[in-house]
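Colleague: Hi! Could you walk me through this one while I have it open?
Modeller: Happy to, ask away.

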Amino acid sequence: MMGSAETVFVEFTAAPEYVAVARRVAEVIGARAGLSPVRLEELQIAVSEVCNRLVNAAQADPGRAHSVSLRFRIDAGAVVAEVGARSTALEQTLRLLLDEEFPLYLMRRLVDRVERFQSQEGPGLRLIKGRSPRGEQNGSLP
């Protein structure tokens, strides 16, 4: 383990051009955690997918301030990406995201665990990508 868990926080306006920022941060964090190239790409796709859906929801609700927050944490056995939002429309999108068949299927294929959570800031989605493939895990994910 790298001492205590490392954390990176990013918040951006829910606009298409900033999804690339989210993807790049996921890449840097995943590489720092030692994810293999395939596992790193899967994490990037999962983060991008959630962010794209939030951006689309923001585009459907113009004239309001919408932002997306990402918190990445490197733990002993996993990279944890928590996606949150600041606006009613985006919070609703996060709450319902896993109720849709395709996003749920996609997330389950890309990350080892996906779960909803509630914080003081509002609802969020937690994407957990183990540092080694599921079959090679020693112990459970955090």
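Colleague: Which residues does Leu-127 touch, not counting those up to four places away in sequence?
Modeller: Leu-127 touches Ala-46, Val-47, Val-50, Val-79, Val-80, Ala-81, Met-107, Val-111, Arg-113 and Val-114. Contact here means heavy atoms within 4.5 Å.

Colleague: Before we go on, what sort of model is this?
Modeller: It is a predicted model, where local features need pLDDT of at least 70 and side-chain atom pairs count only at pLDDT 80 or more, while totals for chains, interfaces and linings use all residues. Residues are numbered from 1 along each chain as its sequence is written, and side-chain values use heavy atoms, with hydrogens and water left out.

Colleague: Thanks! How many residues are in the largest nonpolar core?
Modeller: The largest nonpolar core has 40 residues, and Val-47, Val-50 and Leu-127 have the most contacts inside it. A nonpolar core is a set of buried Ala, Val, Leu, Ile, Met, Phe, Trp, Tyr and Cys residues joined through side-chain atoms within 4.5 Å. For burial, the cut-offs are under 20% relative accessible area for buried, over 50% for exposed and partly exposed in between, with a 1.4 Å probe and protein chains only.

Colleague: And which elements give two or more residues to this core?
Modeller: Those are β1 (6-13), α1 (19-32), α2 (37-59), β2, β3, α3 (88-96), α4 (101-110) and β5. The largest share, ten residues, comes from α2. The elements are DSSP runs numbered from the N terminus: helices are H or I with at least four residues, strands E with at least two.

Colleague: Let's pick Val-83. Is it buried or exposed?
Modeller: Val-83 counts as buried because its relative accessible area is 0%. Val-83 lies in strand β3, and leaving aside neighbours within four places in sequence, its contacts include Val-50, Leu-54, Leu-94 and Phe-117.

Colleague: What about Leu-110, where does that one sit?
Modeller: Leu-110 is in helix α4 and counts as buried, at 9% relative accessibility. Beyond four places in sequence, Leu-110 is in contact with Glu-42, Ile-45, Ala-46 and Lys-129. Leu-110 and Leu-40 are 70 residues apart in sequence, with 9.9 Å between their C-alpha atoms.

Colleague: New topic: how much space lies in the largest pocket?
Modeller: About 200 Å³. On a 1 Å grid over the protein atoms alone, a pocket is an open set of points where a 1.4 Å probe fits, with protein on both sides within 12 Å along at least five of seven lines; lining residues have an atom within 4 Å of a point. The volume is the space filled by probe spheres set on the points, which are joined across faces, edges and corners.

Colleague: Which residues lie nearest its centre?
Modeller: Of the 14 residues lining the largest pocket, Ser-69, Arg-71, Gly-84, Ser-119 and Glu-121 lie nearest its centre. β3 gives the most to the lining, with five residues.

Colleague: Last one: which residues form an aromatic pair?
Modeller: Phe-12 and Tyr-18 do, in a tilted arrangement, 6.4 Å centre to centre with 55 degrees between the planes. Rings of Phe, Tyr and Trp (its six-membered ring) pair if their centres lie within 6.5 Å; planes under 30 degrees apart are stacked, over 60 edge-to-face and the rest tilted. Phe-12 is buried at 6% relative accessibility, whereas Tyr-18 is partly exposed at 35%.
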